[in-house]
Amino acid sequence: MQAMAIRRAAASPDRGRRHALRAASLLGLGACGVRPALAAHAVRPWPPGRPVPPFDLVDLNGKRWRLEPLKGQVVVLNFWATWCEPCRIEMPSLEAMAARRAASGVTVLTVNYKEAPEVIRRFLERLPLKLPILLDADGDATFDWTPRVFPSTVLIGRDGMPVQVVLGDLDWAGAEANALLDPMVGARAKN
């Protein structure tokens, strides 16, 4: 299947670079023991009855982040790594969406999987981001919240409950992302 993605990328020059990078990263992820997504992305509902996992991480600046204080906001929880090409492709649209939707109560948090702060800071020299980058040093948060497909993004409603999981990279400025977020942004938290 990965060879098909590479051949398809070669046949379409305008999409070739993106598909070739995705195919190469999928091959690389398999070698790293991480299960790759077979499509660009898939959207799955949060499993009914599955409890909300604990979430208590610090960011690169030492600030502690928990979900409880964010109740009343829509939280977009993105799990990624610097070595993940689809993650790097997705980041600029994720950051643009965060800036565009901040006033409507959307908070985007990125959770880095098991990389040292100095590795992340070197990455930020090449791709500067303003999004909060939380450190999942032991990988427990990623294990609890995702099927370890990178990137994975959990959409959390204003009530603090996870609603959907996006597996793989998504254009967060596109129509599909808007279709996922618009109903959540319009919903008000139940008191």
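Analyst: Of the 191 residues of the chain, 46% count as buried, where buried means under 20% relative accessible area, exposed over 50%, and partly exposed in between (1.4 Å probe, protein chains only). This is a predicted model: local features need pLDDT of at least 70, side-chain atom pairs count only at pLDDT 80 or more, and totals for chains, interfaces and linings use all residues. Residues are numbered from 1 along each chain as its sequence is written, and side-chain values use heavy atoms, with hydrogens and water left out.

User: What pLDDT does the chain average, and over which residues is the pLDDT below 50?

Analyst: pLDDT is the predictor's confidence in each residue, from 0 to 100. The chain averages 84, and 77% of the residues score at least 70. Over residues 1-39 the pLDDT is below 50; beyond near neighbours in sequence, this stretch has 33 contacts in the model, a contact being heavy atoms within 4.5 Å.

User: How many helices and strands are in the chain?

Analyst: Helices (H or I, at least four residues) and strands (E, at least two) are DSSP runs, numbered from the N terminus. The chain has 6 helices and 8 strands, in the order α-α-β-β-β-β-α-β-α-β-α-β-β-α from the N terminus on.

User: How do the axes of helices H3 and H6 cross?

Analyst: Two packed helices are described by the angle between their axes and the distance between the axes. Axes are lines fitted to C-alpha atoms, for helices over the stretch in contact, and angles run from 0 to 180 degrees between N-to-C directions. The axes of H3 (residues 85-101) and H6 (residues 175-186) come within 13 Å and cross at roughly 25°. H3 and H6 are therefore roughly parallel to each other, a description for angles under 35 degrees. Met 97, Arg 100 and Arg 101 in H3 meet Asn 178, Leu 181, Asp 182 and Val 185 in H6.

User: Where is Phe 150 placed, and is Phe 150 buried or exposed?

Analyst: Phe 150 sits in the loop between helix H5 (140-145) and strand S7 (152-156). Phe 150 is buried, with a relative accessible area of 3%. From C-alpha to C-alpha, Phe 150 and Phe 79 are 6.7 Å apart in space, while 71 residues apart in sequence. The peptide bond from Phe 150 to Pro 151 is cis, with omega near -10°.

User: What is phi of Arg 148?

Analyst: Phi of Arg 148 is near 60°, a positive value in a residue other than glycine. Arg 148 also lies in the loop between H5 and S7, and is partly exposed, with a relative accessible area of 27%.

Conventions
Parallel < 35°, antiparallel > 145°, perpendicular 65-115°, else oblique.
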